[in-house]
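Welcome! Take a moment to turn the model around on your screen, and then we will walk through it together.

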Amino acid sequence: MKGLKVPKKMANDIIKMLVAGSLLNRDYRISRDHEHVYIPLREDARIPEIDGAEIVDREFKESKRSPARFTDILKSKIPEDALASIRRSFDIIGDTVILEIPEELHDYRFTIGEAALEFTGRKAVYMKRSGVKGVTRTRELELIAGSALSETIHQEYGSRIKVDIKDVYFSPRLANERETVAAQVKDGDVVLDMFAGAGPFAIAVARHGRASRIYAVDINPVAVRYIEENARLNHAEDVIVAVEGDVREFLRDRECFADHIIMNLPGSACEFLDDAIRAVRDGGVIHYYEFARDFKTPVNRLKDAARPFQVEVLDMRRVKSRSPGVWHMGIDARIRKTASSDPEKSEKSI
Ligand SMILES: C[S@@+](CC[C@H](N)C(=O)[O-])C[C@H]1O[C@@H](n2cnc3c(N)ncnc32)[C@H](O)[C@@H]1O
């Protein structure tokens, strides 16, 4: 399974960082040899480059500390053949857990919910009742165990994100992505998060401490209330400007002002590319997201929208899986608006 091999003297700091980013696989035990510590990772964990550390494929012993693996708790409670179809991957957001339960197991949902409550030690377990939908990208959730709490504070890296999981989109699986984007912001940069939700990208950028101003826009008024609250919670109210409304309206009279533009609305960000290209400064970077099977499709879409400007692709990432063969893709692309700003380019090959 996937693990991280790190020199002993770095292990403590790295483990803290992995715990903060929810990247550690707690079902397995950390192991050691004379010089190295081996840390089990979640399969979907994306680890930033760390000098001296190396991703490895390795056997880890199961953790005896965990009450039992999730399915072990359920073994005596639901039929053995039904167990196989339970997806054990679930999202933990602060004190809440969100589970996806296959239709044929819906009759067992309360039993499964109680097992998830015991397994995770959180306060509320919800089952997905729909996919994310509508302009706010929220989903229907049914409480299946614990108390009816839906507002919670989620911690990732050093950020604290308060959110009501019923009213505002939030995915803990984007924690690494937010770090990757935030790390690219330079001293004095102006950042625009076009689809900010409760503000997790904006908070990550603020925590890195280099942006001079971060505009966090969202059309969902509840989300904007949380951006304001999260700015205060993370001592970033001087740098984050929360804006309620359609980002197209916000950009109507603004041009060439942002050094970084974050476009995390993967189903329809393409419809906003013209606005983003106008808003980005010469040499600024667009962090563009799209559901796609390959990198070519989003890269070509960016290039088409940017014409006649030059697009220099800095990085491309499969951020997370959406469905078999389809990925939430992330592209970082520098936009060159004048010939003089076109240095020797090192475009990534697609
Ligand atoms: C996929 S969520 C991303 C939220 C956030 N970036 C995150 O990572 O948690 C997209 C967000 O875009 C907002 N949104 C959708 N259309 C919008 C528009 N035209 N202008 C501003 N925000 C919009 C939704 O309300 C939603 O909060």
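A residue counts as near a molecule if its C-beta atom, placed from the backbone, lies within 6 Å of it. By that rule, 21 residues surround the ligand, and the closest are Phe195, Gly197, Ile219, Asn220 and Val247. Two elements, α6 (200-208) and β12 (213-218), each give two or more residues to this shell. Helices (H or I, at least four residues) and strands (E, at least two) are DSSP runs, numbered from the N terminus.

What kinds of residues make up the shell around the ligand? There are 13 nonpolar, five polar and three charged ones. Here Ala, Val, Leu, Ile, Met, Phe, Trp, Tyr, Cys and Pro count as nonpolar, Asp, Glu, Lys and Arg as charged, and the others, Gly among them, as polar. Domain 2 (70-149) and domain 3 (158-341) each supply at least three residues of the shell; these bounds come from an automatic or database domain assignment.

## The model and the whole chain

This is a predicted model, in which local features need pLDDT of at least 70, side-chain atom pairs count only at pLDDT 80 or more, and totals for chains, interfaces and linings use all residues. Residues are numbered from 1 along each chain as its sequence is written.

The protein chain has 10 helices and 17 strands. Along its principal axes, the C-alpha trace spans about 70 × 50 × 40 Å.

## A mostly covered helix

Now find helix α5 (residues 175-182). Six of its eight residues are buried: Ala175, Asn176, Glu177, Arg178, Val181 and Ala182. These buried residues pack against β9 (151-156), α6, β14 (258-263), β15 (280-292), β16 and β17 (326-336). Contact means that the C-beta atoms of two residues, placed from the backbone, lie within 7 Å.

## A residue in β16

Is Asp315 buried or partly exposed? Asp315 sits in strand β16 (residues 310-323), and it counts as partly exposed because it has 14 C-beta neighbours inside 10 Å. The C-alpha atoms of Asp315 and Ile331 are 5.9 Å apart, although 16 residues separate the two along the chain.

Terms used:
Buried ≥ 20, exposed ≤ 12 C-beta atoms within 10 Å, placed from the backbone.
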